[in-house]
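Here's a friendly walk through one protein model. Take a look at the sequence and structure first, then read on.

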Amino acid sequence: MAKTESTFLNMLVVLTVITLIAGAALGYVYGITEGPIADAEKKQQIEAVQMVAPEFDNFPIDEKYSLKIGSDSLEVIIFPAKKNGQKVGAAVEALTKKGFSGEIKVMVGFNADGSIRNYKVLKHAETPGLGSKMDEWFRTDKNAQSILGKNPATDRLSVSKDGGSVDAITAATISSRAFLDAIQTAYNAYMNQTDAQSGASIKAHTN
């Protein structure tokens with residue numbers, strides 16, 4: 001019996017040591033990679049803002065602010081674009097969790113009147129060759145695919161199958177709905193900037 005207890009105690013000690021070593025190693029690796037990951041994310045943001053926002057002469061990255069929006073309290077980040085001190089639009093980072101394979105994050109550029117200037121998909125896990133086509137599908141000037149130049153205030157930005165004005169990606173309706181949901185979330189945030197800056201939460205409009 002004493003030998004059995006000794007064996008169990010030895011196993012417990014060994015497992016405890018292994019756990020501590022593994023935890024320390026993970027913490028060390030995280031400490032090393034945390035900075036580069038943050039730098040890569042910031043670089044991606046800067047490039048996306050430059051790509052989608054109207055021409056600006058301010059520093060949108062330094063002037064950004066965030067808010068929670070919708071029933072899921074999803075975080076939206078707004079990067080104001082100004083020219084000669086006047087607002088000319090913004091780049092808005094928004095996400096949805098309604099994708100076929102989970103979260104989709106986009107950066108959307110809006111002109112001052114709320115019309116869509118451009119967009120960039122920042123993150124997704126949609127099916128290659130299907131949902132992944134959102135990177136270019138919704139900017140292609142073919143049939144009713146493109147959302148560029150459209151204004152969510154006057155254009156129903158949902159798929160035509162749901163009575164909207166946008167053609168869904170072939171065989172990827174769920175991904176298309178999710179993408180347009182993220183665009184709508186970005187627009188709702190952009191058009192409520194006063195509420196956002198005061199710290200108030202705003203609820204996304206639904207189609």
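## Surface, fold and salt bridges

The protein chain has an accessible surface of about 11,800 Å² (Shrake-Rupley method, 1.4 Å probe), and 56% of that belongs to carbon and sulfur atoms. Keep in mind that this is a predicted model, where local features need pLDDT of at least 70, side-chain atom pairs count only at pLDDT 80 or more, and totals for chains, interfaces and linings use all residues. Residues are numbered from 1 along each chain as its sequence is written, and side-chain values use heavy atoms, leaving out hydrogens and water.

Along the sequence they go α-β-β-β-β-β-α-α-α. Of the 207 residues, 38% count as buried (under 20% relative accessible area; exposed is over 50%, partly exposed in between, with a 1.4 Å probe and protein chains only).

The structure also holds 7 salt bridges (a side-chain nitrogen of Lys or Arg within 4 Å of a carboxyl oxygen of Asp or Glu). Three of them are among these:

| Salt bridge | N to O distance |
|---|---|
| Lys82 – Glu63 | 3.3 Å |
| Lys123 – Glu103 | 3.4 Å |
| Asp162 – Arg177 | 2.8 Å |

Lys123 sits in strand β5 and Glu103 in strand β4 (residues 102-111), so this pair ties together parts 20 residues apart in sequence. Lys123 is partly exposed at 45% relative accessible area, and Glu103 is partly exposed at 26%.

Note on methods: Helix = DSSP H or I, 4+ residues; strand = E, 2+ residues; numbered from the N terminus.
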